[in-house]
Amino acid sequence: MVPQEKRDRLTAILRECGSVAIGYSGGVDSVFLARVAVEVLGAGRVLAVTGKSDSVASWMEDTAREVARDFGIPWLEVETREMDDPRYAANPNNRCYFCKSELWGRLASVARERGMKTVLDGSNADDVGDHRPGAVAAAENAVRSPLLEAGLTKDEIRAWSHELGLPTWDQPAAPCLASRLPYGIAVTPQRLKQVETAELALRALGFRDFRVRHHGDVARLEVHPGEIGRVPGNRREIDAAVREAGFRRALVDLQGYRRGALNEGLAASQLVQLGSFA
Amino acid sequence: MSGDARIAAAERALIEQGVFGASVDVEGHEHEIAAVRVPPAQWERMMGPEGVSIAQAVKAAGFRYVALDLAHADEPSSV
């Protein structure tokens, strides 16, 4: 159940923004935000923009396109070139900053060209406390976060998405493919393709909430605790699929999938948390 | 870092958790993964709720991640 106060707050924030360009990945949050923005502001004052690059899974791009079409959300795809930035490709622990600088810079340009007053992202109240160096880039580009400002949690966004009939309401979180590479392992199109290929194979086997972590020539699979019990029965197929994707060895993490597992090696001083800067 | 010392400690931890016949080697660009091989009969247990406590015990040997090799012990090693 979503409190009426939060619904009203989101509506008020969107009206205050006037017209909006939304960073639209095809994930739960940005799809929801775009759909509500169209309802509140009208389609003529909304543009959902998807950054296209090797770090975005093809199925996410498909979702973004299909939902925009089915729900009347004006949609634009722009190519982003974060892979050309050696600071990004080196995969430091603030990699997301360089990616989001590129993304928000492009969106800000698009917004200016199209006369959209405000650029928005889909950060929500549950994102506070996560390691999010990309949020620094958002702040530098004056990006607003209406879902966060309204205090909406992920569960509330899912519930409201369900009310609106959005197919993404129960979609697992799906950050970019580069998030599967431990810091220090260079981000390359080939490695991202390996991850995507292996993950598509696992999805075809019916797994929904998992990550294929790329540790050089070894894949470490994190599978949600609710699904990990299915691994033994699919062992041969998973092993074959991961090797087919170009990995020498497939390993399954005993702790299962947990958000931000690759940040477990970072010291507290290296973490950049939403709300901790500016 | 002594990889050999961590391996022996990890294998001891597995025995203490009641996991017998297991072997451990090290993977990852920072040598941060304990790659565990167990007999097929242990698979269900390792993938169940007990797997988390087993992982915690092995991590104490000095690893960031503890993961099970998907290749069976009766198959040629992929290492």
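Predicted model: local features only at pLDDT ≥ 70, side-chain atom pairs only at ≥ 80, totals over all residues.
Residues are numbered from 1 along each chain as its sequence is written, and chains are lettered from A and ligands numbered from 1 in the order in which they are written.

When I say helix or strand, I mean DSSP runs, H or I of at least four residues for helices and E of at least two for strands, numbered from the N terminus.

Okay, the sheet. Chain A has an open sheet of 4 strands, ordered S3-S2-S1-S4, with parallel pairing. Pairing takes at least two DSSP bridges between two strands. At the edges sit S3(A), residues 75-79, and S4(A), residues 118-120, each pairing on one side only. On average, neighbouring strands are turned by 30° against each other, direction ignored.

Now look at S2(A), residues 46-52. How many bridges does S2(A) share with S3(A)? There are 5, in the parallel sense. Lys52(A) stands opposite Glu79(A), and Thr50(A) faces Glu77(A) in S3(A). On to S1(A): 4 bridges join S1(A) to S2(A), again parallel, with Gly23(A) partnered to Val49(A) in S2(A).

Is S2(A) mostly covered or open? Mostly covered, with 6 of its 7 residues buried; buried means 20 or more other C-beta atoms, placed from the backbone, within 10 Å of the residue's own.

How does the chain get between strands? S2(A), helix H3(A) (residues 58-71) and S3(A) form a right-handed β-α-β unit. Right-handed means that, with the strands pointing away from the viewer, the path from the first strand over the helix to the second runs clockwise.

Next, two helices packing together. H1(A), residues 4-17, and H2(A), residues 28-41, meet at an angle of about 70°, their axes 10 Å apart. Axes are lines fitted to C-alpha atoms, for helices over the stretch in contact, with angles from 0 to 180 degrees between N-to-C directions. So H1(A) is roughly perpendicular to H2(A), a label covering 65 to 115 degrees. Among the residues that meet are Leu14(A) from H1(A) and Val40(A) from H2(A); contact means C-beta atoms, placed from the backbone, within 7 Å.

Last, chain B: 3 helices and 3 strands, running α-β-β-α-α-β from the N terminus. Buried residues make up 35% of its 79 residues.

Definitions and conventions: Buried ≥ 20, exposed ≤ 12 C-beta atoms within 10 Å, placed from the backbone. Parallel < 35°, antiparallel > 145°, perpendicular 65-115°, else oblique. Contact = placed C-beta atoms within 7 Å.
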